[in-house]
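Let's take a friendly walk through a protein model, one piece at a time. Keep the picture beside you as you read.

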Amino acid sequence: MSRIVVVSNRVPVPQGNAGQAGGLAVALLGLMQRRGGLWFGWSGAVTDAAAPPGLTQRGGVGYATIDLTEAEHRGYYTGYSNGVLWPMLHGLPHLMSFRRQDLDIYRKVNRRFADNLVPLLRRDDRIWVHDYHLLALPGALRQRGVLGATGFFLHVPFPAPDAAAVAPGIRGLVQDVLQADLLGFQTLADRDNFAATAVGFAGAARLAEDVLELGGRPVRLGVFPAEIAAPEFAATAAAQAATEPYQLLSRSLRGQALLLGVDRLDPTKGLPERLEAFRRVVARRTPRSLAMLQIAAPSREDVVAYRRLRQELDSAAGAINSEFGEPDWVPLRLLARPQTRDTVAGFMRQARVGVVTPLRDGMNLVAKEYVAAQDPADPGVLVLSRFAGAAAQLAAALLVNPHDAEGMAETICAALDMPLAERRARWRECWAAIAETSPEGWGENFLRALGPDDLARLPAAGT
Ligand code: ADP
Ligand code: F6P
């Protein structure tokens, strides 16, 4: 059986990893631990000089990571990946901040990834590259003579061609990523936007719905929505009732309906818009009848837009509490720190309304986690942005436009007032959409599409 080599910016080395693992890493970890293989990427550390990869073996997985220098981190991660590609891919060009040298460094770091990875590769490896940090890597690997099956998955959205074209350098990066054999997207819309951009700006031809060609090489396109382990998350959420964080929150609510937001503190998550909608909800409802908990974990704090957002949220939260608070009650609790996954699961189970309203999101796993965390006998209601990839699967949620504060406020009030029978019916439909899938199944689907393998010899997921 061919070996799987995963390449991603973040690598969740089980111990001693300076970086934090996000949704991507969690999704892939189970698959890699079951299959074995090699995982290559950034160590999470920023050091003085570029050194060769550090190797760690844990279980069946080899982890090979490189540090970034200060200049590489600034140009590749903070600058071009998160200051240009991230806002462009999410359709927020006004947040882009482009410096020519950042693009050069982005490309250089992608080449450095390739230079360090190639000596570790075997001839029949299947390589799976992840996300917008590494768009140039498939091209860099081919240039270095790597011929093996190479897949690429984009965890974030891809916008329409004119919106993609605003990122300087995108043409060359699309051409580079087209050197892969299979490109995976979260939704059909992302796939089609990418294909239109590749044809319109990068000289590709669309041979079929799911096949592009560039320079005589065919590239397949596929849609693979990212999934969570819903039954496991449900069990975790149910088990939280006995824990201290769950009980402290529960007692503090004294019967108030809880609205909950859980996000990275990121401009794509629509947090100021969400707080404005909440302000309007509070204005309409009886004091002390509800409370909102917004957990916003700091993220990418070197990027100016993220730092500004933190200030904006602090100020908006203060304004809501000073306008509507009572001596013994504040409507909004804003926490700018992450909570453990288990604690979050318990909070989700307590929340009457899950407020997941990104301006744009590749998938948004929080939406799926909120559904999974509910008590089937008395479930809460998911209020979900129609611009999250998850909306394609969770159509029974209450879908909203995050740019319409008044519309969101009305929908949140409808969620608070929703009768039990409707809450149950909507929850059952949402649960059905996520109950049978898993991150491992998602990964296996991608790998199956990437090329033939003797999957039959593997034990089934979870066994
Ligand atoms: P993104 O990949 O953009 O961060 P997702 O919603 O797809 O967004 O995935 C985020 C993951 O990180 C989820 O598993 C979620 O539970 C977790 N997470 C997000 N924000 C927080 C937070 N503030 N505290 C704890 N966990 C969080
Ligand atoms: O979903 C996009 C993503 O970049 C993931 O790849 C990552 O797990 C998460 O956001 C956290 O971001 P960062 O790796 O920049 O901290």
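## Two strands side by side

Strand S2 (residues 37-47) and strand S4 (residues 61-69) run parallel and pair over eight bridges. Here strands are DSSP runs of type E with at least two residues, helices are runs of H or I with at least four, and both are numbered from the N terminus. Two strands count as paired if DSSP finds at least two bridges between them. One bridge joins Trp-39 to Tyr-63 in S4.

This is a predicted model, where local features need pLDDT of at least 70 and side-chain atom pairs count only at pLDDT 80 or more, while totals for chains, interfaces and linings use all residues. Residues are numbered from 1 along each chain as its sequence is written, and chains are lettered from A and ligands numbered from 1 in the order in which they are written.

## The whole sheet

Strands of a sheet pair through backbone hydrogen bonds, either parallel or antiparallel. In this model, 10 strands form an open sheet with mixed pairing, in the order S3-S4-S2-S1-S5-S6-S7-S10-S9-S8. Which strands stand at the edges? They are S3 (54-58) and S8 (205-208); each has a single partner strand, so one side of each is left without a neighbour in the sheet. From one strand to the next, the twist averages 25 degrees.

H2 lies across S2 and S4, running at about 100 degrees to S4. Axes are lines fitted to C-alpha atoms (for helices, over the stretch in contact), and angles run from 0 to 180 degrees between N-to-C directions.

H2 also packs against helix H3 (residues 100-117) at an angle of about 105 degrees, with the axes 8 Å apart. The two helices are therefore roughly perpendicular to each other, a label for angles of 65 to 115 degrees (under 35 is roughly parallel, over 145 roughly antiparallel, and the rest oblique). Among the residues in this contact are Gly-75 and Tyr-76 of H2 and Ile-105 and Tyr-106 of H3. Two residues are in contact if their C-beta atoms, placed from the backbone, lie within 7 Å.

## A residue in a loop

Ala-397 sits in the loop between strand S15 (381-385) and strand S16 (398-400). Is Ala-397 buried or exposed? Ala-397 is buried, with 27 other C-beta atoms within 10 Å; buried means 20 or more such atoms, exposed 12 or fewer, and partly exposed in between, with C-beta atoms placed from the backbone.

Leu-384 is 13 residues from Ala-397 in sequence, yet their C-alpha atoms are 6.4 Å apart in space. Not counting residues up to four places away in sequence, Ala-397 touches Leu-382, Val-383, Leu-384, Arg-426 and Cys-430.
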